[in-house]
Amino acid sequence: QVQLVETGGGLVQPGGSLRLSCAASGFTTSMYNMRWYRQAPGKERELVAFIAATGESTNYQDSVKGRFTISRDNAKNTLYLQMNSLKPEDTGVYYCYCAARGVWGQGTEVTVSS
């Protein structure tokens, strides 16, 4: 079964950090570009970060540049999103996505609040 499973979300204070993980099963992610999206309450899902299959190229939404880092461990078939200096506007459900396979994870919720 082709599947992506996100973990690592939670409640964190402004300025704090979280590390999200996205574990793939049923296919090998090393062949594909991968993305993190998020959806804030009442808003549309938006692209947060992109990483090429080799990991050599990354791209970020302007609002997270310098604070978030996308990475991957192809040996573990896992994608990561390190989130630092979190702000309340980073609150939302975070999803990993493999466009080539049309697979979304179920999402992990991040709440940034004091």
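Strands are DSSP runs of E covering at least two residues, numbered from the N terminus, and two strands are taken to pair if DSSP finds at least two bridges between them. In this predicted model, G92 stands opposite V110 in β11. That contact belongs to the pairing of β9 with strand β11 (residues 108-112), which is antiparallel and comprises three bridges.

The β9 and β10 strands make up a hairpin with four residues between them, and G102 in the turn adopts a positive phi of about 65°. Six of the seven residues of β9 are buried, so the strand is largely enclosed by the rest of the structure.

A search of the whole structure returned one disulfide. The bond joins C22 to C96, with an S to S distance of 2.0 Å. The cysteines lie in distant parts of the chain, 74 residues apart, with C22 in strand β3 (residues 18-25) and C96 in strand β9 (residues 92-98). The link of C22 and C96 is right-handed, with 65° about the S-S bond. C22 counts as buried because its relative accessibility is 1%, and C96 is likewise buried, at 0%.

C98 is also buried, with 0% relative accessibility. The closest cysteine sulfur to that of C98 is in C22, at 9.1 Å, and is therefore too far for a bond, the cut-off being 2.5 Å.

Conventions:
Residues are numbered from 1 along each chain as its sequence is written. This is a predicted model: local features need pLDDT of at least 70, side-chain atom pairs count only at pLDDT 80 or more; totals for chains, interfaces and linings use all residues. Side-chain values use heavy atoms; hydrogens and water are left out. Buried means under 20% relative accessible area, exposed over 50%, partly exposed in between (1.4 Å probe, protein chains only).
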